[in-house]
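Welcome! Let's take a friendly walk through a protein model, one topic at a time. Keep the picture open while you read.

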Amino acid sequence: MSGLQNRILGRPIGKVPIMSATTQSNKDRVFIFDTTLRDGEQSPGATMTLEEKLQVAETLDDMGVDIIEAGFPIASNGDFEAVVAVAKHVKRATVAGLARAITADIDRAGEAVRHARRGRIHTFVSTSPIHLAHQMKKTEDEVIEIIARTVAQARNLVDDVEWSAMDATRTPIEFLKRCVDTAIKAGATTINLPDTVGYAVPDEHFRMFKEIIGSVPNADKAIFSVHCHNDLGMAVANSLAGVAGGARQIECTINGLGERAGNAALEEVVMALRTRADAMPYYTEIETTHLSRASRIVAAASNFPVQYNKAIVGKNAFAHESGIHQDGMLKNAETYEIMTPASVGIKETTLVMGKHSGRAAFKDKLRELGYELGDNAFQEAFQRFKDLADRKKHVYDADIIALVDDEVGSAGDRIKLVDMEVVSKTGGVHSCTMTLSVDGEESTVTYDGTGSVDAIFSAIKQAVGQQPHLVLYAVDGVTGGTDAQASAHVRLELNGRIASGNAAEPDTLVASARAYLNAFNRVMIERGAAAQGAMAG
Ligand code: KIV
Ligand code: ZN
C-alpha cells in the first residue's frame, strides 16, 4: 500500500448521511437475519468447526444481528450440537434452526433452539411447479395441507416460527398467496419468500412483495422476509427491492458466502441502506464498524478468501490507485468515497512492532485488531510473531492478522508439519522430504515430483495414505515486497466432501504445504451421512 493510501485511510471519520434515530419509525426498521452458519456453511468447502461457528456467532451477536440461523439440526449430530452451542452462547440475538416440512426435522430443530433466550424454528417447503412436479411429487392441495400441519407443529414448540416458500420467485402468485395465508393462519410469525435460484429481477421482486403483502388478508400478522441468491449477481439489489415492496427482514451472509454464487452479502445490504438512506428510508441496528472484522473472521473460519474488489470488505474497496482519484482524495475524500473506511471498521495500516516488542505490546495490538486469544493460543501466536519478526524487516497489521487467523484456523489439526526440505533443480529433480505428525506420531517420507509443489503435495498424500483431489491452489502476498508472507489457499475433495485450507508463512512452499495439510485435516472431519442428503438451498 502506498504512503498516499495510508494517509487517506488514516483520516478521521467523515459525516455519513444517515437518518437520526428520532426521524426513524419502527415500521422502517429492517431486521437482519444472518445465515452464514447455515446457507453460508453449505457452500462446498466452507465447513466450519464448532469453535469457529461459536466465534462467528459471537461476532454476529456483538455487531447487532437480530437473528442468527445457526444450522440445520437434523442434518447431522455436529449440526445439532452447533445449534445448541450457539443457542447457549449468544446473548441477545434470536437463534434459528432450519427444518424441512417433516415432523422429525421440526422436533429436532425445536430441541436445539429451546436452549436459546429467544429461539426460532425456520421451516420450509417448495412451492414452485418445477419443484412440486420433479422433486416433491406433490399437488398444490397436498402442499397446503403440509404447510398447515408443519407450521402448527412448530408453533406448538416455540412462539417464533418462520415459514419459507422455497423457490417462491418461480411460484404462480395466486398459489403463493394461498400458501402464505395458510402459513400465517397456522401461526407463522415470519414469512420468507426466497429467490432460491437467484432468478428474480429487482422490479418483479418488488412487485411480488407488494402484491402479497397488499392482498393476503392477515399479512399484517407476520413480518415478511427476503432471501436472495446471487446467481445473476442481483441478490443485494433484489433484497433491497423486496424491502421497498414491504419486506422488513433481510436474510444474508457475511462476505456473501452461500450455495453456488452465494447469498446477498450482509455488509452490502447494511451499508447500502445506511449510505443511501435518502433513497431508501429504512434502517438496521447493525454496528457497521464491526463489518470489516466480521468479514475477516468468516473468511478465516470458512477458508473462503474475499475477492480483492468485493464491495465494502475487499482489500481494494477503499484503495485509490489512479492519479486523478488520488488527487481528488487528497483535496477532499468525498470526491471519490461515498463512505469512510472507518465506518466499516478499517483502521490505518500501521507499521507494527519488531523483534524487540514484548508480550504486552503484542497483546495490545491483538486487542486493537479485535482478537481475544486464550492463554495457549496467545503463547503460540506470540512465538510465531517473534519468529516472523526475526525473518521479516517490517511486520504490518496484515501480517499479524494472517498469522493469528492461521494459528486459530489450524488449532485442532490432527496432521501437522514438523519439518520439510525441498530440493529443486532447473530441468532436474524436484524432491521433498517431509516429517509429519499424525495424532502425535511422527513419520518421514520422501517424494520426487514434476515440480516442487507437486513433490510436496504428493509427499503429504503418501504419508497420510489418502488421495484427495486438488480442486484449487492459489498463492498471494499478505503485503507487498519480496519479503512479504505468502498466503496459500488449497481446496481438496475426498469421498464427495470438499474442504478448504489456508496458511501464511514467509516461505511460499512451507505456506503451500501447511495450507494443503489444513484442508486435508478439514476434509477428514466427519460431517455425518445425513448432512449430505439434507442440504437446503
Ligand atoms: O434458498 C432457499 O430457498 C433457502 C431456504 C431453505 C430458506 O435457503
Ligand atoms: Zn438459500
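The axes of helix 14 (residues 359-368) and helix 16 (residues 397-409) come within 11 Å and cross at roughly 90°. Keep in mind that this is a predicted model. An angle from 65 to 115 degrees counts as roughly perpendicular, and helix 14 and helix 16 are therefore roughly perpendicular to each other.

Which residues of helix 14 and helix 16 meet? On the helix 14 side you can find F362, K365, L366 and E368, and their partners in helix 16 are D397, I400 and V404. Sorted by class, this contact has four nonpolar and three charged residues, with no polar ones.

## A second pair of helices

Now turn to helix 3 (residues 50-62) and helix 4 (residues 77-89). Their axes come within 10 Å and cross at roughly 35°. The crossing of these two helices, helix 3 and helix 4, is right-handed.

Helix 3 brings L50, K53, L54, A57 and E58 to the contact, while helix 4 brings D79, E81, A82, A85, V86 and H89. By class, six residues in the contact of helix 3 with helix 4 are nonpolar, one is polar and four are charged.

## The whole chain

The protein chain has 19 helices and 14 strands. Its radius of gyration is 25 Å, close to the 24 Å that the globule rule gives for 537 residues, so the chain is as compact as a globular protein of that length. Taken along the principal axes, the C-alpha atoms fill a box of roughly 75 × 60 × 45 Å.

What percentage of the 537 residues is buried? Buried residues make up 54% of them.

## Two residues with positive phi

Finally, here are two residues in loops to look up. I312 lies in the loop between helix 12 (291-302) and helix 13 (323-331). Its phi is near 75°, a positive value in a residue other than glycine. Is I312 buried or exposed? Buried means under 20% relative accessible area, so I312, at 7% relative accessibility, counts as buried.

The other residue is D439, in the loop between strand 10 (430-438) and strand 11 (441-449). D439 is not a glycine, yet it has a positive phi of about 50°.

Conventions
Residues are numbered from 1 along each chain as its sequence is written. Chains are lettered from A and ligands numbered from 1 in the order in which they are written. This is a predicted model: local features need pLDDT of at least 70, side-chain atom pairs count only at pLDDT 80 or more; totals for chains, interfaces and linings use all residues. Side-chain values use heavy atoms; hydrogens and water are left out. Axes are lines fitted to C-alpha atoms, for helices over the stretch in contact, and angles run from 0 to 180 degrees between N-to-C directions. Helices (H or I, at least four residues) and strands (E, at least two) are DSSP runs, numbered from the N terminus. Angles under 35 degrees count as roughly parallel, over 145 as roughly antiparallel, 65 to 115 as roughly perpendicular and the rest as oblique. Contact means heavy atoms within 4.5 Å. Ala, Val, Leu, Ile, Met, Phe, Trp, Tyr, Cys and Pro count as nonpolar, Asp, Glu, Lys and Arg as charged, and the others, Gly among them, as polar. A crossing is left-handed if the near helix is turned anticlockwise from the far one by less than a right angle, and right-handed if clockwise. The radius of gyration is taken over C-alpha atoms; the globule rule is 2.2 Å times the number of residues to the power 0.38. Buried means under 20% relative accessible area, exposed over 50%, partly exposed in between (1.4 Å probe, protein chains only).
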